[in-house]
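Visitor: I would like a close look at a single part of this model. Please keep it brisk.

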Amino acid sequence: MKKHPPNWPGSFLRWFCNPDFLEEIEGDLHEIFHEKTSAKSLQFARRTFILDVLKFFRWSNFRKPKIMKYSINNGLWKHNLKITFRVFKKNILFTGINISGLVLGVCAFTILLLYYLQENSYDELFPDHDRIFRIGVNLVDDGQYTESAKAAIPFRSVLKDAIPLGAEFTRMLPWPGYVQSEVDNKFKETQFVFADENFFRLFPLNVVSGSIDKPLDAPMQIVITKKKATQYFGTKNPVGETLTFEDEYASFEFSVIAVVEDFPKNTHFNVDFIASFSSLTQVVPWHNNWFYPNAFLYAKLNSADQAEDAKKVAQDILSKNGHQRYLDGNPTLVFQSLKSIHLSSDRQGEWKSNNTQINMKFFLALGAFILLIAIINYVNLTTANSQNRSREIGIKKAMGSEKGQLIRQFFIESLVIVGVAILLSVVVMALLWNSLISQLLDGVVAYNILVSYEALLIVVFGAIALSVIAGTYPTLATIRFNPIDVLKNNLSKYLSNGNQRKVLVTVQFSISMCLILFTILLLRQYNYLQNKNIGFNKDYQVALKMIDRNDKQNYKTLKEELIKLPFIEKVAVSNTVVGMSEGFYGFPVNFPDHPDKIATEWYTLGVDEDYLDTYDIKLVDGRNFSESIVTDERLAFLINEAAANFLNWEGEAVGKNLELTVYTGAADNRKGKIIGVVEDFHFQSLYESVKPLIIYINKHFYYTDFLNIKLKPDNSVLDQIKAIDEVYSQFNPNKPMELVFVDEEIKRTYQRELASSKIMTTFTILSILIAALGVFGLATYTHQRRAKEIGVRKVMGASPRHITAVLTKEYFYIILISCLISWPLVYFFSNRWLANFAYSISFGPFNYVLGLIMVIVVALGSSLYQILKSLKVNPVDHLRDE
Amino acid sequence: MKGTFLGELEELILLTAAALNDDAYGVAIVAEIKNTTGREVNIGAIHTVLRRLEAKGFLKSRLGGATTERGGRRKRIYTPTHAGQATLDQAYEMRTSLYKRIRPSMS
């Protein structure tokens with residue numbers, strides 16, 4: 001029998017082992033094998049052979065990639081790097097400008113990209129997000145067309161029994177109230193919901209303690225988030241403990257069955273308390289009706305493409321089983337996929353004010369443009385510098401360098417610059433993160449996107465891609481020199497006239513001009529919205545919320561107490577606060593004197609006699625409500641100018657009949673007269689034009705939601721609030737005071753504009769800074785290149801003014817062309833954007849001129865230093881030829 | 001490149017390779033170490049150390065004869081260089097001089 005070692009270890013050895021060592025190793029192994037077979041058994045020898053092969057499986061025996069094997073190549077890499085650093089050191093200014101420009105550009109782009117990713121990541125953590133849909137309803141509700149995010153509560157049970165698609169439905173009813181644990185701490189909680197038993201099957205969360213595996217079906221059970229568990233129970237385990245929940249009407253005890261992780265910020269809703277829906281039979285016994293309250297309704301389908309079918313089936317079921325009065329409002333169902341909600345939905349009763357897709361795309365484009373400006377800087381400065389490198393290239397070529405080697409050298413240079421820039425930007429972002437970026441972007445950017453494994457890959461590939469993008473053109477521009485020309489110093493035919501540089505600078509200036517103009521536009525529109533005369537007095541106005549039924553019923557007592565305070569001028573009750581977008585109910589309205597039947601949306605506002613004085617709303621016709629006229633309380637109405645115009649009753653509205661039906665439990669049908677017309681005031685945001693409004697007197701506790709308080713202008717607002725709080729806590733010792741500042745409330749409406757203008761301003765300044773850096777670098781280069789020319793001009797007697805003109809002439813052409821490019825774009829987009837607002841500024845030519853001036857200032861400002869240097873220098877220094 | 005410091009195993013192998021007089025290759029060194037010291041040294045380690053000693057300039061190598069047991073593959077035979085020899089001498093002298101201080105009579 002032939003004794004031979006097993007085959008496979010040998011093949012394995014040949015695969016990994018460096019061929020240089022293979023022969024002696026294999027020889028030794030065979031020799032050992034041979035010796036073992038004669039000394040011991042064949043099996044033993046084979047086993048030893050396998051083990052021995054494994055003993056050779058070590059780094060020093062591995063095949064090495066070519067690059068490490070040939071030391072000559074190692075040398076070239078070293079050489080390239082050395083040259084790179086020498087070049088950087090020699091041109092420390094250009095390198096500095098290049099790197100800092102790229103750092104700014106990369107930072108801006110990354111931040112905006114992160115923001116974009118973050119905003120697009122909403123609801124992705126729910127595993128079935130692609131087949132979960134929110135069902136909203138479009139319908140005419142109380143005479144007013146509404147696109148609601150919510151659906152009627154009984155709808156789910158109807159659907160659940162009938163829909164043949166095997167879908168799961170869950171409802172979520174937000175019900176703010178006061179929560180108290182056994183320890184004496186009580187807080188108002190707005191993120192309190194009642195949810196169906198299968199809520200966690202659609203929206204699973206990680207459990208901290210307890211269990212959510214069983215359906216949440218028993219009444220008075222509650223699941224809370226970790227954050228709230230700590231707030232109410234400290235370190236104690238809350239499972240099994242009791243929480244007291246108190247709404248306007250009564251208080252209830254819930255037992256905690258589980259604690260779950262907090263909802264992350266990137267979900268379209270955030271809840272802290274999830275109580276079982278069955279508890280509602282005790283908490284809100286009348287909840288199961290088609291009108292109020294409405295709940296969010298979610299459907300989990302078997303697949304995403306069933307949405308259309310499901311919608312049809314559901315619509316059908318609704319029209320068969322819905323309440324008749326509800327169906328009169330012509331309800332149409334809307335299925336919104338979970339992911340689409342955050343970036344497209346803007347319906348009545350949304351959890352959060354959502355973003356828009358167009359906004360996000362705009363910001364992403366902004367980031368890309370800023371990066372582009374930075375890349376152009378790099379390209380311009382590097383090509384400008386290429387002539388200084390011509391001799392190096394010429395000699396290398398003459399010594400036999402191949403094109404590939406030269407290309408590699410220049411790519412290494414751009415890779416090093418880009419790599420340093422990216423590393424620095426990571427550092428910069430990490431430093432700025434908490435203080436700046438998270439505030440700028442509304443605190444929502446998830447930090448963990450930055451530290452993930454993917455982010456590292458993106459950084460590496462981004463660096464390579466960026467250096468290829470930025471490095472290609474300069475590399476090709478630099479290596480085309482013919483060595484003979486270079487060595488004979490015959491460079492003139494390679495000296496570019498800088499046309500391509502001018503084109504790139506024009507692109508930069510066009511982008512900067514666009515950004516500057518858009519920023520001016522945003523800021524001016526935002527200011528306009530803030531400062532426009534809105535027809536009522538919003539300063540020194542607060543509104544005190546009537547929290548529970550006792551407050552609402554006895555508001556008069558509180559009003560009398562408050563008016564005694566020396567700093568309060570006026571107090572009036574109302575059902576909503578101007579500037580809030582809801583509460584102007586569209587009750588049925590009828591005009592017996594009007595020839596046509598009026599079908600439009602009417603807005604109503606229920607107030608008392610002091611309301612107009614409290615807000616300084618002016619009457620244009622007729623009289624105000626009066627306490628001395630008893631019939632006013634039910635039968636007098638005020639309308640606004642918009643309503644009078646709408647009815648074609650300008651100047652003659654007073655005295656006309658008006659019928660209004662106010663729902664206060666039962667329908668309160670008021671047949672009265674119009675007693676006055678008030679000047680238009682903006683009770684809604686300036687996105688809308690002023691709508692026809694009817695003001696009536698309301699003293700029924702259904703609608704006595706706020707006490708509006710006019711304060712005397714005083715610096716000690718804090719003391720005033722403290723005094724109001726004292727009065728309130730005597731009146732209602734159980735609840736903390738809730739106070740709304742009217743001007744703050746109005747400001748909140750324009751939050752999106754504020755956020756956008758903040759982001760715009762910051763990043764526009766960044767882009768201008770980068771462009772200015774580039775102009776500065778180019779000016780430095782021009783100064784070097786044209787030093788002799790300027791010297792000659794000076795010797796021939798050119799005046800400083802003339803020289804300045806010569807040096808700045810080309811910028812004027814560049815700026816002129818960028819105006820031609822950017823102005824039409826800005827004109828087009830600004831008009832489209834302003835069309836979103838019912839009231840907007842006119843973006844006239846003055847603004848364009850302002851933008852132009854700013855660009856000129858930036859261009860001249862950043863080349864000023866070099867121009868002054870050119871003017872000051874003694875021509876002899878440059879003309880003397882040694 | 002690499003320092004000229006010798007580790008314990010390196011010194012042992014260098015010494016053995018020198019002692020084997022022109023027949024120093026992997027398997028022979030393993031056997032010799034086993035014989036003289038009773039130590040079982042890993043054959044993979046021996047090869048690595050031999051190459052390291054060569055890189056440090058203490059050993060030089062050539063390819064020697066092939067045998068049937070080796071499946072027709074040649075041996076790599078290591079011999080000490082002058083530097084290797086000098087290092088061994090130095091180490092020997094250092095040890096002896098130290099040892100003499102313990103037992104002066106031994107000289």
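At what angle do helix 20 and helix 28 of chain A pack, and how far apart are their axes?

Guide: First, the ground rules. This is a predicted model, where local features need pLDDT of at least 70, side-chain atom pairs count only at pLDDT 80 or more, and totals for chains, interfaces and linings use all residues. Residues are numbered from 1 along each chain as its sequence is written, while chains are lettered from A and ligands numbered from 1 in the order in which they are written.

Now the pair. Helix 20 of chain A covers residues 499-531, and helix 28 of chain A covers residues 751-785. Both are DSSP runs (H or I, at least four residues), numbered from the N terminus. They pack at an angle of about 155°, and their axes are 9 Å apart. The axes are lines fitted to C-alpha atoms over the stretch in contact, and angles run from 0 to 180 degrees between N-to-C directions. The angle makes helix 20 of chain A roughly antiparallel to helix 28 of chain A (over 145 degrees).

Next, the handedness. Helix 20 of chain A passes helix 28 of chain A in a left-handed crossing. In such a crossing the near helix is turned anticlockwise from the far one by less than a right angle.

Last, the residues. The contact of helix 20 with helix 28 of chain A holds 13 nonpolar residues, 10 polar and one charged. Here Ala, Val, Leu, Ile, Met, Phe, Trp, Tyr, Cys and Pro count as nonpolar, Asp, Glu, Lys and Arg as charged, and the others, Gly among them, as polar.

For contrast, turn to the contact between the chains. Chain A gives 15 residues and chain B gives 15, where contact means C-beta atoms, placed from the backbone, within 7 Å. Helix 2 of chain A gives the most to the side of chain A that touches chain B, with 10 residues. That side divides into three nonpolar, four polar and eight charged residues.

Conventions
Helix = DSSP H or I, 4+ residues; strand = E, 2+ residues; numbered from the N terminus. Parallel < 35°, antiparallel > 145°, perpendicular 65-115°, else oblique. Contact = placed C-beta atoms within 7 Å.
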